[in-house]
Amino acid sequence: MFPHFRLDWRATRRLPRALILASALVGASGCTAEVARGLDEVEANRVLVALNEHGVAASKAPDPSAEGRFAVSVPQGDLASAVTTLSQEGLPSPVSPGVLESLGETGLVASRKAEHARLVVGTAGELERSLTEVAGVLSARVHLAVPEPDPFAPREAVVPTSASVLIRHQGATPPLGASDVQRLVAGAVSGLDPEHVAVVNLPVAGSPREVNGSLAQFGPLSVSHGSISALRIIVVAVAALNLALLGTLIFLWLRLRSSRSLPVRAANPAK
């Protein structure tokens with residue numbers, strides 16, 4: 001009683017092909033490149049913030065080669081801009097060994113002078129880590145001149161302990177006052193007078209961080225210049241997929257309409 005309907009599966013095979021093509025285009029447009037890896041979470045977040053402020057869409061993911069570490073990736077088209085931005089910002093910050101790392105390198109037989117040198121290097125590394133955790137500090141270098149203690153040396157021959165600190169920071173105003181840095185360093189080194197700590201603050205002129213200036217317009221959307229090509233490919237792929245779906249639906253509708261008219265033609269043969 002119902003009209004016979006037969007689906008032409010050869011026509012519907014075009015739909016999976018369109019889906020595969022669209023998926024391949026979308027997948028090809030999502031190529032990324034790593035700009036930093038082996039970072040702790042704090043340093044990875046600093047890299048993310050710096051890149052995003054310059055209009056580079058960056059992402060953070062666990063580093064598979066180092067447990068508890070992270071890697072930062074950017075779109076392939078933004079790689080050059082990301083490298084330039086990180087170079088200007090001094091990121092990622094160089095990792096200085098702390099006291100534990102320095103003393104952990106001791107050999108089987110270590111001299112007292114070697115132990116003292118490692119302790120000084122480790123203390124300087126700990127101070128650099130503390131300074132770089134302050135908001136606004138891009139990098140910090142601490143140089144300690146701590147003479148090896150000699151109980152038999154005359155008092156007039158003893159060289160006083162001294163230190164110098166170089167801080168690169170954002171903006172014109174240092175995030176830490178010179179007296180604060182002097183107290184911090186002197187408190188970590190035995191026998192160091194705060195007045196013997198030289199502090200040099202180096203302001204880093206930030207490049208223009210107007211996001212609109214570093215983004216490209218695609219209709220009502222604002223994306224980074226490196227992502228504009230990927231977005232175009234995605235839009236074209238989605239449009240092609242929609243056209244394929246629409247064409248398939250129209251074809252099926254026409255087949256259904258023609259199959260419904262077959263019984264009528266059979267009941268009313270041409271005269």
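Predicted model: local features only at pLDDT ≥ 70, side-chain atom pairs only at ≥ 80, totals over all residues.
Figure 1. Ala145 counts as partly exposed because its relative accessibility is 39%, a value between the 20% limit for buried residues and the 50% limit for exposed ones. Leaving aside residues up to four places away in sequence, Ala145 touches Pro160, Thr161 and Ser162. The C-alpha atoms of Ala145 and Ser164 lie 8.5 Å apart, with a separation of 19 residues in sequence.

**Figure 2. The largest nonpolar core**. This core holds 18 residues, of which Leu131, Val142, Leu144, Val165, Ile167, Val185 and Leu192 touch the most other members. At least two residues of the core come from each of helix H6, strand E4 (137-145), strand E5 (162-170) and helix H7 (178-188).

**Figure 3. Contacts of Val142**. Beyond residues up to four places away in sequence, Val142 touches Ala124, Leu127, Glu128, Leu131, Ser164 and Val165. Both Val142 and Leu131 are among the residues that touch the most other members of the largest nonpolar core, and Val165 is another of that group.

**Figure 4. Thr132 in helix H6**. Helix H6 spans residues 112-132 and contains Thr132. The side chain of Thr132 reaches the backbone oxygen of Glu128 at 3.0 Å. A polar atom of the Thr132 side chain also lies 3.0 Å from the backbone oxygen of Arg129. When residues up to four places away in sequence are not counted, Thr132 touches Arg46, Val137, Ser139 and Ala140.

**Figure 5. Lys60 over the ring of Phe70**. The charged end of Lys60 sits over the Phe70 ring, at 5.0 Å from the ring centre. Aromatic pairs number zero in the structure.

**Figure 6. The protein as a whole, for orientation**. The protein contains eight helices and eight strands. Of its 271 residues, 30% are buried. Among contacts between residues at least 6 apart in sequence, 66% join residues at least 24 apart. The protein exposes about 17,500 Å², and carbon and sulfur atoms supply 62% of this area.

Terms used:
Residues numbered from 1 in each chain as written. Heavy atoms only, no water. Helix = DSSP H or I, 4+ residues; strand = E, 2+ residues; numbered from the N terminus. Polar contact = N/O pair within 3.5 Å; in protein donor to acceptor, adjacent residues only side chain to side chain. Contact = heavy atoms within 4.5 Å. Phe/Tyr/Trp six-rings, centres within 6.5 Å; stacked < 30°, edge-to-face > 60°. Lys NZ or Arg CZ within 6 Å of the ring centre and 35° of its normal. Core = buried A, V, L, I, M, F, W, Y, C linked by side-chain atoms within 4.5 Å. Buried < 20%, exposed > 50% of the residue type's maximum accessible area, 1.4 Å probe, protein only. Areas by Shrake-Rupley, 256 points an atom, 1.4 Å probe, with all protein chains shown as cover.
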